[in-house]
Amino acid sequence: MARRTKALAHAAGHPREVAAQARDLVGRVHHSAELESLATRLSLLRSGRPPLAGTPEAQGRRGRFRQGVTLARLASTVIGQAQPDEDRHALLVPFTPERLGRTWAAIGWLPWAWIVAVLVLVGSVPTFMVSLF
């Protein structure tokens, strides 16, 4: 998981390079509903116009978070459709749907792993204390 989150952080730290790789990658994507929706939402966001009426994005602060999640999902889907090259689009590869899905799954399991680790530690302390005597 550390490798995955490090790749995402590295990409987030280089927005210009990510944008350049995304421009290169967009040429590979054939027309799709996701690409059209992403382009529409990005143009609305860039122009400063309000979100599409009737959508959850139009409802305040929570709507902005939803808009961000929706944009991220659409971008991930479009990147997955374009199938980025590991060498040429190295900063976009972590954003493919499969890799993002695995990263989020690992993040979801992490608290449970910590709980199990604490239980093992608590269970091993008495055994260790008894073995000292």
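Helix α2 covers residues 15-26, twelve residues in total. At 1.5 Å a residue it should span 16 Å, and its end C-alpha atoms are 16 Å apart, so expectation and model agree. The model is predicted. The protein has five helices and zero strands.

**Overall fold**
- Along the sequence the pattern reads α-α-α-α-α.
- The protein has 133 residues, and 23% of them count as buried.
- Take the contacts with a separation of 6 or more: 63% of them join residues 24 or more positions apart.
- The accessible surface is about 9,900 Å². Carbon and sulfur atoms hold 64% of that surface.

**Salt bridges**
- How many salt bridges does the protein have? The count is two.
- One pairs Arg88 with Asp24, with the closest N and O atoms 2.9 Å apart.
- Arg88 lies in the loop between α4 and α5, while Asp24 belongs to helix α2, so this pair ties together parts 64 residues apart in sequence.
- Arg88 has a relative accessible area of 48%, so it is partly exposed. The cut-off for exposed is over 50%.
- Asp24 is also partly exposed, with a relative accessible area of 31%.
- Arg99 and Glu86 form a salt bridge through their side chains, at 3.0 Å from N to O.
- Arg99 is in helix α5 and Glu86 is in the loop between α4 and α5, so the pair ties together parts 13 residues apart in sequence.
- Arg99 counts as partly exposed at 32% relative accessibility. Glu86 counts as partly exposed at 46%.

**Ser76 in helix α4**
- Ser76 belongs to helix α4, which runs over residues 60-82.
- Is Ser76 buried or exposed? Its relative accessibility is 7%, so Ser76 counts as buried; the cut-off for buried is under 20%.
- A polar atom of the Ser76 side chain lies 2.9 Å from the backbone oxygen of Phe95.
- Leaving out residues up to four places away in sequence, Ser76 touches Phe95, Thr96, Pro97 and Leu100.

Methods: Residues numbered from 1 in each chain as written. Predicted model: local features only at pLDDT ≥ 70, side-chain atom pairs only at ≥ 80, totals over all residues. Heavy atoms only, no water. Helix = DSSP H or I, 4+ residues; strand = E, 2+ residues; numbered from the N terminus. Buried < 20%, exposed > 50% of the residue type's maximum accessible area, 1.4 Å probe, protein only. Contact = heavy atoms within 4.5 Å. Areas by Shrake-Rupley, 256 points an atom, 1.4 Å probe, with all protein chains shown as cover. Expected span 1.5 Å × (residues − 1). Polar contact = N/O pair within 3.5 Å; in protein donor to acceptor, adjacent residues only side chain to side chain. Salt bridge = Lys/Arg side-chain N within 4 Å of Asp/Glu carboxyl O.
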